[in-house]
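Trainee: I would like to go through the labels attached to this model and hear what each one rests on. Please set the value against the definition each time.

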Amino acid sequence: MKYILASQSPRRRELLGMLGITFDIEPATGEERQIGDTPQEIVQNLAAAKAREIAAHHAGEETIVIGADTIVVCEGEILGKPKDRADMERMIRMLSGRTHEVYTGVAIDRIAGNPEESDEVRIFAECTRVHFYPMSEEEIADYVAHSDGMDKAGAYGIQSDAAIYISGIEGDYQNVVGLPIARLYHELHGM
């Protein structure tokens with residue numbers, strides 16, 4: 001069985017490596033459109049679009065394509081990757097002293113290797129609640145000036161420099177990093 005991760009995220013690559021499987025990386029390049037009425041639906045649809053895009057290139061091959069997408073939701077607002085440093089500052093100020101949710105959607109597209117088998121798709125989402133300590137204006141400014149959060153939903157990575165501002169979580173830590181690996185393992189095992 002061939003496995004493909006439809007993401008260029010180094011964090012997802014590292015997490016998927018925990019499963020001990022060999023996989024290729026083929027990042028999806030299509031436009032990300034947020035479709036759905038709830039954060040869960042939105043991340044599931046984003047993940048499914050990524051998996052479908054790559055799966056289309058492997059029709060007839062015995063392959064499993066894994067697509068994933070993560071969003072941060074605070075006070076009902078979806079926070080994707082910041083557009084610039086000012087947007088990063090706005091996001092971090094919003095997260096400061098509050099609890100927010102991190103949703104990661106995952107789509108597993110199993111392509112049958114022969115016409116006698118049918119393809120299978122599984123889509124799910126995990127949610128983790130993250131609690132931030134209050135941050136001073138000086139801490140926010142320093143974070144924005146030195147952070148690696150420009151390429152991350154919500155402008156932060158729980159596994160990097162934002163860790164000192166996180167007072168706790170409820171749910172799967174790996175989900176916040178970008179891939180709920182335990183749930184993914186069990187979904188793959190059930191296919």
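Trainee: Why is Arg122 called partly exposed?

Mentor: Its relative accessibility is 24%. Buried means under 20% relative accessible area, exposed means over 50%, and partly exposed is what lies in between, with a 1.4 Å probe and protein chains only. The value of 24% falls in between, so Arg122 counts as partly exposed. Keep in mind that this is a predicted model, where local features need pLDDT of at least 70, side-chain atom pairs count only at pLDDT 80 or more, and totals for chains, interfaces and linings use all residues. Residues are numbered from 1 along each chain as its sequence is written, and side-chain values use heavy atoms, with hydrogens and water left out.

Trainee: What makes Arg122 and Glu120 a salt bridge?

Mentor: The closest N and O atoms of the two are 3.1 Å apart. A salt bridge needs a side-chain nitrogen of Lys or Arg within 4 Å of a carboxyl oxygen of Asp or Glu, so this pair qualifies. Glu120 is partly exposed, at 25% relative accessible area.

Trainee: How do you know that Arg122 also pairs with Glu187?

Mentor: The side chains of Glu187 and Arg122 meet at 3.2 Å, N to O, and this is a salt bridge too. The pair joins distant parts of the chain: Glu187 is in helix α6 (residues 181-189), Arg122 is in strand β6, and they are 65 residues apart. Helices (H or I, at least four residues) and strands (E, at least two) are DSSP runs, numbered from the N terminus. Glu187 has a relative accessible area of 16%, so it is buried. Salt bridges with shared partners connect Glu120, Arg122, Glu126, Arg183 and Glu187 in one network.

Trainee: What makes Glu101 and Arg129 a link between distant parts of the chain?

Mentor: Glu101 is in strand β5 (residues 99-111), Arg129 is in strand β6 (residues 120-132), and 28 residues separate them. Their side chains form a salt bridge at 2.8 Å, N to O. Glu101 is buried at 17%, while Arg129 is partly exposed at 33%. The search of the whole structure finds 17 salt bridges.

Trainee: Why is Ser9 called buried, and what does its side chain reach?

Mentor: Ser9 has 11% relative accessibility, so it counts as buried. Ser9 sits in the loop between β1 (2-5) and α1. Its side chain reaches the backbone nitrogen of Arg12 at 3.1 Å. A polar contact is a pair of N or O atoms within 3.5 Å; within protein, one must be able to donate a hydrogen and the other to accept it, and residues adjacent in sequence count only if both atoms are side-chain atoms.

Trainee: Which residues does Leu79 touch?

Mentor: Leu79, in strand β4, is buried at 0% relative accessibility. Setting aside residues up to four places away in sequence, its contacts (heavy atoms within 4.5 Å) include Ile71, Val72, Met91, Leu95 and Gly154. Leu79 and Ala155 are 76 residues apart in sequence, with 8.1 Å between their C-alpha atoms.

Trainee: What stands out about the phi of Ala155?

Mentor: Phi of Ala155 is positive, about 70°, although the residue is not a glycine. Most residues other than glycine have a negative phi. Ala155 lies in the loop between α4 (137-146) and β7 (166-170) and is buried at 0%. Glu75 has a positive phi as well, near 55°. Glu75 is in the loop between β3 and β4, and at 60% relative accessible area it is exposed.

Trainee: Why is Asn175 called buried?

Mentor: Its relative accessibility is 0%, so Asn175 counts as buried. Asn175 lies in helix α5. Leaving aside neighbours within four places in sequence, Asn175 is in contact with Val102, Thr104, Glu126, Cys127, Thr128 and Pro180.
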